[in-house]
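Here are some notes to read alongside the model, written as numbered points.

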Amino acid sequence: MTESATTTMPATSTARSTRNSSIVFDNVTKTYPGQTAHALDSLSIEVRSGELVCLVGPSGGGKTTALQLVNRLVDLSSGEIRIGDTNIMDLSPIELRRTIGYAIQQSGLFPHYTVAENIATVPTILKWDRKRIEARTKELLELVGLTPVENWLKRYPGQLSGGQQQRVGIARALAADPPVMLMDEPFGALDPITRVAVQDEFLDIHRAVGKTTLFVTHDIDEAIKMADRIAILKPGGLLAQYDTPAEVLARPADDFVAEFLGAERGLKRLALTTVAEVLAAGRDRRGSSPVAAAAGSTEAGNPVSAAEWPEVSATMTLREALSLVSAAHAQGARVMDAGSHLGDVTLHELICPPADDPARTTEGARI
Amino acid sequence: MDVLVGAFPFMTANFALLLEKTGEHLVISLIPLLAAIVVGVPLGVWLGHIHKGEFLAVSITNIGRALPSLALIAILIGIVGIGMLNAMIALFLLAFPPILSYAFQAVDSVDADLTKAARGMGLAPMQVLTKVELPLGLPMIISGIRTAAVLTVSSATIATIAGSGGLGDVILNQVAYGMEGVIAAALWVAVLAILVDQVFVLLLKIASPAGVKHLQRAAVAA
């Protein structure tokens, strides 16, 4: 518990970029009328400028409530929410919402608007001139990878696949260049393959545009993949833990968090590190003979020798690499990048990654 | 069969009479219809927008359905007396329920995710209504008006018993016009009802934004 207590409120308003767009929850409580139990109970967290924070938890944890409090689709019962230095109650709801990108499950695209009209929704009500709206729309379609843009502008949402709709939904949320993004299970309705692709694209976009993002998901794997930090809420709207994915997985604050993360918690951690990182760390430790240790064990009756180890790409996560190694009954893997052999990693290195180093930064985990 | 065939010579022989009665018929049916649209559409749309009054919209419809127009007119003779106004009030009461309930349903049933997305992006309530709810609800609003139009035009026939004129004068007066006349006027009313219905179909086509037309084409294709 001490872990979460110290990390709940990180050092405030230091080392900010020029434009402060942090989202601060200060002792926020929400109780819906006619209900005695809190939907959200004394939540205090800060989402730093440019950070992507995932709100996860079971149904009834208040994660969507927390999100909708920020753009005032739901009214606060008590406490305070600030975006940058502004209390959200100081703006009218309409004004506030126009400065916040909002993307929801099933994309929420207007079926009677074309892709271009959907993306232009907020710029239009902000009365941008037509040239600017047109340029912005095209820029965003390129950003979300719907190119050539001319093919997409005039289509209707009904003519797009789920993944394409969700890309347009993201483009629409980004349209007026809001400093803050709220995303309510945006990829929840996508099939697994499309979901991974859209997640990857969104991460690229997030890195490129650097919006402060609050992201609700019920999928812990999605949170581990996407988030700089994860806020885990438990029933009754209580914050169970707020920390980096690596830290949450390594040191769950309590039994609830451990159970929520599941029995595969140890494996999930392996998804935070790439093969390239292990390779680099291995070289630091051992110098120039990375295969020596493994070669010894091959002689001890192992079915696959180092030369026949499966090939993995440097950008794979350890979890993916381990899966290949296990399938091949091997003791390690050959790391390949664009056809060249970068080195080898052993089974031991794959399951005991350098990610255990607590000094590793959040940024390190994401690369 | 002879009578049915005889209806057509009657039409040519009494064309002027039928035109005159058609004119009256349209006046006594379209004025109440327009009044019901002017009151019912905004009221239904507003109730649908605030998602309240479902009970009101549904009960009014049910009462409207339960009351036969003949009984309604008979009751009204007692209240407002005989005449054109009486007939028009009865027809208004007949046209109002479907228009109100369709308009309510049209807006109330717009996908809540869409209105949530619209509000979340910062659209004002009026913008949510005009940009999302009304365009998406338009086909259903028009459906309500079409139902009411057919109902009003056909029921205006009965209004004759209140002394309002219209094609009912011919239909209910077999003594003067013969069976041929009754059939001719009845056919005339049927065609008139279909025509009025089609006018609103046309209106929907003209008034729909491009996106709504696209949705309707997609719905037909599916």
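1. A word on origin before anything else: this is a predicted model. In it, side-chain atom pairs count only at pLDDT 80 or more, and local features need pLDDT of at least 70. Totals for chains, interfaces and linings use all residues.

2. Let's begin with the make-up of the two chains. Chain A contains 18 helices and 13 strands, while chain B has 10 helices and 0 strands.

3. Some overall figures may be handy. Chain A has 367 residues, of which 43% count as buried; for chain B, with 222 residues, the share is 46%. Along its principal axes, the box filled by the C-alpha atoms of chain B is roughly 70 × 45 × 25 Å. If you look at contacts between residues at least 6 apart in sequence, 69% of those in chain A join residues at least 24 apart, and in chain B the figure is 78%.

4. Please have a look at the open sheet in chain A. Its 6 strands come in the order S6-S7-S8-S3-S9-S10, with mixed pairing. Strand S6 (100–104) and S10 of chain A are the edge strands; each has a single partner strand, so one side of each is left without a neighbour in the sheet. On average, and with direction ignored, neighbouring strands are turned by 15° against each other. Helix H8 (residues 162–174) of chain A packs on this sheet, where it touches S6 and strand S7 (180–184) of chain A. The direction of H8 makes about 160° with that of S6(A).

5. Both kinds of pairing can be seen around S9 (residues 229–234) of chain A. Strand S3 (residues 52–56) of chain A runs parallel to S9(A), and 4 bridges join them; here A:Val53 stands opposite A:Arg229. S9(A) and S10(A) run antiparallel and are joined by 5 bridges, with A:Ile232 opposite A:Gln241. The hairpin of S9(A) and S10(A) has 3 residues between the strands, and A:Gly236 takes a positive phi near 95° in it.

6. Is S10 of chain A, an edge strand, largely enclosed or left open by the rest of the structure? It is largely enclosed, because 5 of the 6 residues of S10(A) (residues 238–243) are buried.

7. Next, the contact between the chains: 20 residues from chain B and 19 residues from chain A take part. On the chain B side, helix H6 (112–120), helix H7 (125–155) and helix H10 (210–221) each supply at least two residues. The largest share, 6 residues, comes from H6(B). By type, the chain B side divides into 12 nonpolar, 5 polar and 3 charged residues.

8. One last item, H7(B), deserves a look on screen. A straight helix of 31 residues would span 45 Å at 1.5 Å a residue, but H7(B) spans only 39 Å between its end C-alpha atoms. Where does H7(B) bend? The bend, about 55°, is at B:Leu138, and a proline, B:Pro139, follows within four residues.

Definitions and conventions. Residues numbered from 1 in each chain as written. Chains lettered and ligands numbered in written order. Buried ≥ 20, exposed ≤ 12 C-beta atoms within 10 Å, placed from the backbone. Pairing = 2+ DSSP bridges. Contact = placed C-beta atoms within 7 Å. Nonpolar A, V, L, I, M, F, W, Y, C, P; charged D, E, K, R; others polar. Axes fitted to C-alpha atoms, helices over the stretch in contact; angles between N-to-C directions. Expected span 1.5 Å × (residues − 1). Bend = angle between axes of the 7 residues up to and from the residue.
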